[in-house]
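This report walks through one protein structure for a reader who has not seen it before. Please keep the sequence and the 3D view at hand.

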Amino acid sequence: MTYFVLFLGLCFVLGGLAVASNPSLYSGEVGLVLASIVGCGLFLSLGVSFMSLGLFMVYLGGMSVDYGYSLSLVADNFQKLGRIGRYGVGLV
């Protein structure tokens with residue numbers, strides 16, 4: 001269980017770094033969703049399931065949709081992927 005929590009913490013930090021370091025707005029959104037899902041997992045590991053469900057529903061249900069809509073209004077037609085984005089696409 002300790003290794004799982006450490007893995008979730010590492011994924012949370014990597015999600016934050018993906019948001020901060022990507023020049024592409026779409027890759028930043030993916031990092032933000034990753035960090036949110038991992039944050040929910042961290043809350044679940046602490047035994048706070050209601051707070052985890054609330055975070056998941058509020059963030060991914062509302063804020064992510066607004067962020068995606070804003071991206072579609074201001075984004076360029078040809079986005080570049082950052083270094084982390086290229087590695088993520090390679091892993092998939």
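What share of the 92 residues in the protein is made up of buried residues? Buried residues account for 25% of the 92 residues, where buried means under 20% relative accessible area, exposed means over 50%, and partly exposed lies in between (1.4 Å probe, protein chains only).

## Basis of the model

This is a predicted model, in which local features need pLDDT of at least 70 and side-chain atom pairs count only at pLDDT 80 or more, while totals for chains, interfaces and linings use all residues. Residues are numbered from 1 along each chain as its sequence is written, and side-chain values use heavy atoms, with hydrogens and water left out.

## Overall layout

The protein has 4 helices and 0 strands, and its elements run α-α-α-α from the N terminus on. Helices (H or I, at least four residues) and strands (E, at least two) are DSSP runs, numbered from the N terminus.

Among the contacts in the protein with a separation of 6 or more, 62% are between residues 24 or more positions apart; contact means heavy atoms within 4.5 Å. The accessible surface comes to about 6,600 Å², and 74% of this surface belongs to carbon and sulfur atoms. Accessible areas come from the Shrake-Rupley method with a 1.4 Å probe, and for residues only the protein chains shown count as cover.

## The N-terminal segment

The unreviewed UniProt entry annotates residues 1-20 as "signal peptide". UniProt positions are given in the numbering used here, feature names are shortened, and annotations may be inferred rather than shown by experiment. In the model, residues 1-20 are 95% helix and 0% strand, with the end C-alpha atoms 29 Å apart.

Phe7 lies in helix α1, which covers residues 2-21. Phe7 counts as partly exposed because its relative accessible area is 48%. Together with Met1, Phe4 and Val5, Phe7 forms a nonpolar surface patch with about 420 Å² of accessible area. Patches are made of residues with over 30% relative accessible area and no salt bridge, with like charges joined within 9 Å and nonpolar side chains (Val, Leu, Ile, Met, Phe, Trp, Tyr) within 5 Å. A salt bridge is a side-chain nitrogen of Lys or Arg within 4 Å of a carboxyl oxygen of Asp or Glu.

## The annotated transmembrane region

The unreviewed UniProt entry also places a "transmembrane region" at residues 30-60. This span is 94% helix and 0% strand, and its end C-alpha atoms lie 11 Å apart.

Ser36 is found in helix α2 (residues 25-46) and counts as buried because its relative accessibility is 8%. Leaving out residues up to four places away in sequence, Ser36 touches Leu55, Tyr59 and Leu60. Val33 also lies in helix α2, but Val33 counts as partly exposed, at 22% relative accessibility. With that sequence limit of four places, Val33 touches Tyr59, Leu60 and Ser64. The C-alpha atoms of Val33 and Tyr59 are separated by 8.6 Å, and the two residues are 26 residues apart along the chain.

Ser52 is in helix α3 (residues 49-74) and is buried, with a relative accessible area of 5%. Not counting residues up to four places away in sequence, Ser52 touches Cys40, Phe43 and Leu44.

## Cysteines

Cys40 counts as buried at 6% relative accessibility, and Cys11 counts as buried at 16%. The structure holds 0 disulfides, a disulfide being a pair of cysteine sulfur atoms within 2.5 Å.
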